[in-house]
Amino acid sequence: MLHVTGLHASYGNIEALRGVDVAVEEGEIVTLIGANGAGKSTLLMTICGSPRAAAGHIAFEGQDITHEPTHTIIRKGIAQSPEGRRIFPHLTVTENLQMGAITAEPEFYEEDLERVFSLFPIMRERRNQPGGTLSGGEQQMLAIGRSLMSRPKLLLLDEPSLGLAPMLVKQIFAVIKEINTDRGVTVFLVEQNAYHALKLADRGYVMANGRILMSGTGDELLGNKDIRAAYLEGGH
């Protein structure tokens, strides 16, 4: 479904991606782990067109999207829930969800809204509440719900568990599994909670300094002694 080959991207003189190769096949959950500053978020943003790739190729469903504008990429079926949630704090929950539906066909709006409310029942209760007044966990639910309103085939999730209490982390990962299994959405997940991410994933990649260092199934990476030493020792 998604094939990234030889991808380079920079911020000014700083090269953030250095020849990245990753693939996400239809129906999978693929996770990308790595330390802060490894280039994980930059990879997701480059897939969505900002920043632009300096070199390499990004193909989605066999079509080259490397130089497509972001709104075109979204219309093709890719959505991103960004790091830090980035909801609209002064808009209500419903208005935030409406913003996510801008590129979708209007006739599906009510159906998609109901799907988000069924995934996150608290969003139904908070539907008229400003996004900025929600708790951190509720804002994360809203960010994921907003991304689903565009009816994506591929969902890019950037650090969905960041800053959440352990109970909420489990809830978010359960929802990600449901989105994939029951809703049929392919997921590419960037996550520092390596244990939960690799337990969830069909396959995973490890990134450092803008490069992919290792790949394998989620179980293979969980069992790798170097991965355990770098990301999993000291508890889950």
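The model is predicted: local features need pLDDT of at least 70, side-chain atom pairs count only at pLDDT 80 or more, and totals for chains, interfaces and linings use all residues. Residues are numbered from 1 along each chain as its sequence is written, and side-chain values use heavy atoms, with hydrogens and water left out.

Start with the sheet. Helices (H or I, at least four residues) and strands (E, at least two) are DSSP runs, numbered from the N terminus. Two strands pair if DSSP finds at least two bridges between them. Four strands form an open sheet in the order S2-S1-S4-S5, with antiparallel pairing. Strand S2 (14-24) and strand S5 (63-64) stand at the edges, each with a single partner strand, so one side of each has no neighbour in the sheet. Strand S1 (residues 2-11) pairs with strand S4 (residues 55-60) over five bridges, in the antiparallel sense. His3 stands opposite Ala59 in S4.

H1 spans residues 40-47, and seven of its eight residues are buried. Buried means under 20% relative accessible area, exposed over 50%, and partly exposed in between (1.4 Å probe, protein chains only). Among the buried residues of H1 are Leu43, Leu44 and Ile47. Gly49 follows H1, with a positive phi near 100 degrees.

Next comes a hairpin. Strand S9 (residues 203-208) and strand S10 (residues 211-217) run antiparallel, joined by six bridges. Val206 has Met214 in S10 as its bridge partner. Two residues lie between the strands, and Asn209 in the turn has a positive phi of about 50 degrees.

Finally, look inside. A nonpolar core is a set of buried Ala, Val, Leu, Ile, Met, Phe, Trp, Tyr and Cys residues joined through side-chain atoms within 4.5 Å. The largest has 35 residues; Leu97, Phe120, Met123, Ile176, Ile179 and Leu189 touch the most other members. Several elements each supply at least two residues of this core, including helix H3 (93-100), strand S7 (154-158) and helix H7 (166-181). H7 gives the most, with six residues. Another core lies apart from it, with 29 residues, among them Leu2, Ile47, Phe60 and Tyr205.
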